[in-house]
Amino acid sequence: MFNLLKIIRKAGEATEKYPFAPMPVSPGFRGKPEFSAEQCIACAACVVACPPNALTMHTNTERGERTWQLNLGRCIFCGRCEEVCPTRAIALSPDFELAVGRKEDLMQRATFSLTRCVACDTPFAPSKEIEFTMALMVHSGLSEAEAEAMRPQFETCPDCKRKQALCSVEPETFVKRG
């Protein structure tokens, strides 16, 4: 009997002391997504890439807002959102404990303001996305003055751009030939 106790003592602990001690996770473990609203530009790349539709975006043009939402109850921790995010605003953490008392606690939200079109005053794109684009233009080699001169193009909605493009085409272009 004494020999058995010696063998057991040498073997050590067979299990983790979880939940009383933190559970060690391996490097590269995919836990719940952590979102940084400060870094996000509301481009919706993560929403398009999300297989279980855990990420959604709703645009309210009346209030001039775009709302980003993550439902952790639907998330499968695949990491596609992290892969496609251009600003690294979303990353998978090693945190895997998702027990909550209410379903609403599994939701994460962020609201972004929309830029109004310089031509028709309709809200159409997140302000942070336009600022990010302007910063990319400067980073690509344009001077700040050249980038600022292009700002009206980025602050014009697609409908107004389409109308401007049609107005700039000569009328004889649309004459039916035959």
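Trainee: What makes the space of about 90 Å³ the largest "cavity"?

Mentor: On a 1 Å grid over the protein atoms alone, a cavity is a set of points where a 1.4 Å probe fits but cannot get out, and lining residues have an atom within 4 Å of a point. A volume is the space filled by probe spheres set on the points, which are joined across faces, edges and corners. The largest cavity has a volume of about 90 Å³, and the structure holds 2 cavities of 30 Å³ or more. Among the 14 lining residues of the largest cavity, Cys40, Cys43, Cys46, Cys85 and Ala89 are the closest to its centre. Please note that the model is predicted: local features need pLDDT of at least 70, side-chain atom pairs count only at pLDDT 80 or more, and totals for chains, interfaces and linings use all residues. Residues are numbered from 1 along each chain as its sequence is written, and side-chain values use heavy atoms, with hydrogens and water left out.

Trainee: How are the residues that line the largest cavity divided into nonpolar, polar and charged?

Mentor: Ala, Val, Leu, Ile, Met, Phe, Trp, Tyr, Cys and Pro count as nonpolar, Asp, Glu, Lys and Arg as charged, and the others, Gly among them, as polar. By that rule, the lining of the largest cavity has 13 nonpolar residues, 1 polar and no charged. The second largest cavity holds about 80 Å³ of space. Its lining has 15 residues, of which Cys50, Leu55, Cys75, Cys78 and Cys81 are the closest to the centre. That lining divides into 13 nonpolar, 1 polar and 1 charged.

Trainee: Why is the contact of Glu131 with Arg151 called a salt bridge?

Mentor: A salt bridge requires a side-chain nitrogen of Lys or Arg within 4 Å of a carboxyl oxygen of Asp or Glu. The closest N and O atoms of Glu131 and Arg151 are 2.9 Å apart, so the pair meets the definition. The pair links distant parts of the chain, with Glu131 in helix α4 (residues 127-139) and Arg151 in helix α5 (residues 144-154), 20 residues apart. Helices (H or I, at least four residues) and strands (E, at least two) are DSSP runs, numbered from the N terminus.

Trainee: Which residues are joined with Arg151 in a network of salt bridges?

Mentor: Glu131, Glu148 and Glu155 are linked with Arg151 in that network. Arg151 and Glu148 meet at 3.0 Å, N to O, and both lie in helix α5, 3 residues apart, about one turn of the helix.

Trainee: How do you know whether Arg151 is buried or exposed?

Mentor: Buried means under 20% relative accessible area, exposed over 50%, and partly exposed in between, with a 1.4 Å probe and protein chains only. Arg151 has 14% relative accessibility and therefore counts as buried. Glu131, at 43%, is partly exposed.

Trainee: What makes the pair of Phe35 and Trp68 stacked?

Mentor: Rings of Phe, Tyr and Trp (its six-membered ring) pair if their centres lie within 6.5 Å; planes under 30 degrees apart count as stacked, over 60 as edge-to-face and the rest as tilted. The centres of Phe35 and Trp68 are 3.7 Å apart and the planes are at 10°, so this pair is stacked. Phe35 lies in strand β1 and Trp68 in strand β3 (residues 65-71). Trp68, at 0% relative accessibility, counts as buried.

Technical notes:
On a 1 Å grid over the protein atoms alone, a cavity is a set of points where a 1.4 Å probe fits but cannot get out, and a pocket is an open set with protein on both sides within 12 Å along at least five of seven lines; lining residues have an atom within 4 Å of a point.
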